[in-house]
Amino acid sequence: MLIRDAEDGDWPAIYPFFSEIVAQGRTYAFPEKLSLQQARGWWMESPPGRTVVAVEGSTVLGSAKMGPNRPGRGAHVATASFMVDPRHSGRGVGRALAEHVVDWARATGYRSIQFNAVVESNEVAVRLWRSLGFEVLATVPEAFDHPEHGLVGLHVMFLDLSSTGRAVER
């Protein structure tokens, strides 16, 4: 598996699993039924952001987008989003993309990474982020309307990348 910068020609391979994951309604609050062109703006980042793909040969297995969580005075904190094609789940694609993003954020000089909205019932993702050192700072109750579980919380998750490794104050 190779992780590389996404190119314009990758979007038609990302879009089918992007659409499928959004339509499932279990992990993302993106608008549903976006066209190929409409959805592109929700996933393909422009600088200072970045979008990558995990590929095996010419097959796109998954993708991640990353960049500053906020502009200006919040730009020292990174954020990211991840999607793995369901046909390739369970193969370590998500972990490889997550490790790539953490390494990229650290090498780029970000002080930390903040995920704004991790669906609390997405146990696979929460377990992965915790295994990489992320903490749940807070959970916004009933902030996500899950198709099976109803209203569930959204976690705000955080990873300190600073050289001090200081603990987060609560």
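Colleague: Which helices and strands each supply at least two residues of the lining of the largest pocket?
Modeller: Helices α1 (11–24), α2 (36–43), α3 and α4 do, along with strands β3 (59–68), β4 (77–84), β5 (112–119) and β6 (135–146). Keep in mind that this is a predicted model.

Colleague: OK, and which one gives the most?
Modeller: That's β4, with six residues in the lining of the largest pocket.

Colleague: What volume does the largest pocket have?
Modeller: About 1300 Å³. The lining takes in 47 residues, and the closest to the pocket centre are T27, Y28, F82, M83 and N122.

Colleague: How do the lining residues divide by class?
Modeller: You get 23 nonpolar, 17 polar and seven charged residues in the lining of the largest pocket.

Colleague: Switching topic: at what angle do α3 and α4 pack?
Modeller: α3 (residues 93–108) and α4 (residues 123–131) pack at about 40°, and their axes are 11 Å apart.

Colleague: Why call α3 oblique to α4, then?
Modeller: Because an angle under 35 degrees would count as roughly parallel and 65 to 115 as roughly perpendicular, the angle of about 40° makes α3 oblique to α4.

Colleague: Left-handed or right-handed crossing?
Modeller: Right-handed, for α3 passing α4.

Colleague: Which residues make the contact?
Modeller: On α3 they are G94, R95 and A98, and on α4 they are L128, W129 and S131.

Colleague: And by class, what does that contact of α3 with α4 have?
Modeller: Three nonpolar residues, two polar and one charged.

Technical notes:
Residues numbered from 1 in each chain as written. Predicted model: local features only at pLDDT ≥ 70, side-chain atom pairs only at ≥ 80, totals over all residues. Heavy atoms only, no water. Axes fitted to C-alpha atoms, helices over the stretch in contact; angles between N-to-C directions. Helix = DSSP H or I, 4+ residues; strand = E, 2+ residues; numbered from the N terminus. Parallel < 35°, antiparallel > 145°, perpendicular 65-115°, else oblique. Left-handed = near helix turned anticlockwise from the far one by under 90°. Contact = heavy atoms within 4.5 Å. Nonpolar A, V, L, I, M, F, W, Y, C, P; charged D, E, K, R; others polar. 1 Å grid on protein atoms, 1.4 Å probe; cavity = no way out; pocket = protein on both sides within 12 Å on 5 of 7 lines; lining within 4 Å. Points joined across faces, edges and corners; volume = space filled by probe spheres on them.
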